[in-house]
Amino acid sequence: MKQLFYTSTRDNKKRVLAHEAIIKGIADDGGLYVPTSIPQIEKSIEELASFSYQELAKYILGLYLTDYTKEEIADCVDSAYDSKFDDDRIAPVVKVDGTYVLELFHGKTIAFKDMALSILPHLMRHAKRKSEQKSDVVILTATSGDTGKAALEGFKDVPGFKIIVFYPKNGVSEIQERQMLTTTGDNTYVVGINGNFDDAQTSVKKIFSDQQLANRLKENDLVFSSANSINIGRLLPQIIYYVYSYLQVWKDKQVDSIDVVVPTGNFGNILAGYYAKLMGINIRRLISASNKNQILYDFLTTGEYDANRNLHLTTSPSMDILISSNLERLLFELNNNDSSIVANLMNELNENRKYKSVGSLEAAKESFGAGYASEAEVLETIKDVFDNKGYLLDPHTAVAYKVYEKVKKDDTATVVVSTASPYKFTRPVMEAVSGKSSLSDFVLLNNLCELSKVAIPAAVDGIDQLPVLHDTVVDKEDIGKIVEEILEL
Ligand SMILES: *Cc1c(COP(=O)(O)O)cnc(C)c1O
């Protein structure tokens with residue numbers, strides 16, 4: 001089989017194989033790894049529609065991981081998508097009043113990050129062996145709330161790996177925080193940052209390019225990698241469920257094309273949907289749904305990306321982001337793989353926190369739509385959909401649902417991507433549906449259960465009784481120092 005190579009968004013002359021891109025996480029020039037071409041789906045819809053999630057995963061990943069053997073891919077898929085998921089379909093598509101909702105929260109930490117982070121440690125384990133990387137790998141991860149726990153669970157006690165997670169101390173839900181702080185395992189570290197997600201993400205990216213630290217690391221026989229969606233190993237597994245959901249809709253209605261609405265933050269999820277479209281899946285429009293932090297809406301309607309604004313903390317904290325890393329990969333695709341254009345735009349972003357790209361906007365308009373929802377709209381939507389349609393949305397999914405209502409043009413079958421269980425965000429959900437609030441998100445778990453008649457997921461049931469095992473909090477300037485301390489450099 002012909003090898004598929006990966007290159008850097010900032011230097012398209014580079015060529016690496018998938019396992020090298022996955023083990024490195026980010027290119028040396030600061031760019032993100034992207035496939036040099038997008039493989040095409042060559043099987044018929046009928047055949048694909050007969051596949052289980054796992055069979056589809058093996059087929060799709062096989063097209064991208066040409067340097068992995070069939071057996072290696074099967075091992076990764078079968079180790080990831082198993083009984084850790086509380087639904088055999090892995091990513092069930094349910095119908096809510098004529099609209100399709102793709103539920104991506106049936107994994108171990110009840111948010112969509114499990115879809116990729118259940119498999120990434122296995123992809124990395126094989127990558128480490130294939131690249132004869134003998135050093136231990138230190139996974140550095142910034143989280144806006146959900147990546148952290150999913151990555152901790154994925155890498156916990158995996159031999160040859162350590163994981164350090166940074167989260168904004170006051171920027172995640174009480175339940176998200178407790179999920180992280182109660183993580184067991186000898187190789188897991190969780191650090192709170194006095195700052196927001198952008199501070200955490202920017203500091204982590206800086207550590208990757210810190211040459212001095214890299215040398216000390218080498219002396220200590222360690223290397224860094226990333227479990228954030230800057231790692232292409234996070235994005236590829238996300239393509240699977242876009243293909244899968246298209247097939248479920250096709251089985252229901254034999255429609256030709258669909259629209260998809262995605263609650264968006266770092267642009268990783270929706271970008272995987274774009275790759276699915278480029279592979280030949282008939283997605284007409286990908287609609288990027290933002291919360292009150294509507295920077296992506298502004299970009300997708302004006303071509304100007306301007307991060308000189310305040311970050312608002314909202315009830316959908318996993319989308320409280322101003323610097324969306326994966327937009328860089330979209331710019332690369334929209335500009336026909338011209339890395340000099342991307343490098344220039346990213347330089348501008350670094351220097352002025354903004355850039356404008358009218359050419360990219362014109363190209364984006366063919367495939368993307370955009371909208372945003374205010375905080376009041378999010379709460380109204382949760383209440384409306386629960387009262388009138390009997391379905392409980394988490395705040396992130398409610399953003400997407402509201403945006404769908406706003407931008408809907410016709411009766412094209414639409415998939416609303418649901419990225420978290422309402423049980424992860426009990427406070428806004430209970431406030432929305434019953435006006436009830438409480439001193440503690442944990443008390444609200446029981447209230448929500450009584451109201452929705454949906455059992456409390458194992459991921460959060462009794463979580464307030466578990467011992468807190470991590471308590472480090474630092475200023476963002478001290479991230480480097482704490483990494484040295486943890487790794488005893
Ligand atoms: C991470 C996350 C998002 C945003 O996804 P991106 O890939 O960063 O755009 C949305 N909703 C939830 C619940 C998340 O955890």
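Which residues of α17 are buried? That was my starting point today, working on a predicted model.

**Entry: α17, the buried side**

I went through the helix and found Glu377, Val378, Thr381, Ile382, Val385 and Phe386 buried in α17. They sit on the same side of α17, because the arc they cover around the axis is only 155°. On the other side of α17, I noted Glu380 and Asn388 as exposed.

Next I looked up what covers the buried residues of α17. The cover includes two strands, β4 (93-96) and β14 (368-372). It also includes the helices α18 (395-407), α19 (426-434) and α20 (441-452).

**Entry: α17, length and end**

Helix α17 has 15 residues (375-389), so at 1.5 Å a residue it should span 21 Å. I got 21 Å between its end C-alpha atoms, which agrees. Just after α17 comes Gly390, and I wrote down its positive phi of about 70°.

**Entry: Phe332**

Then I moved over to Phe332, which I found in helix α14 (residues 327-334). Buried or exposed? Its relative accessibility is 1%, and buried means under 20%, so Phe332 counts as buried.

I left aside its neighbours within four places in sequence and listed the contacts of Phe332. Among them are Thr7, Ser8, Thr9, Asn12 and Val34. The list also has Asn337, Asp338, Ser339 and Val342.

Terms used:
Residues are numbered from 1 along each chain as its sequence is written. This is a predicted model: local features need pLDDT of at least 70, side-chain atom pairs count only at pLDDT 80 or more; totals for chains, interfaces and linings use all residues. Side-chain values use heavy atoms; hydrogens and water are left out. Helices (H or I, at least four residues) and strands (E, at least two) are DSSP runs, numbered from the N terminus. The expected span of a helix is 1.5 Å times one less than its number of residues. Buried means under 20% relative accessible area, exposed over 50%, partly exposed in between (1.4 Å probe, protein chains only). The arc is that of the directions from the helix axis to the C-beta atoms. Contact means heavy atoms within 4.5 Å.
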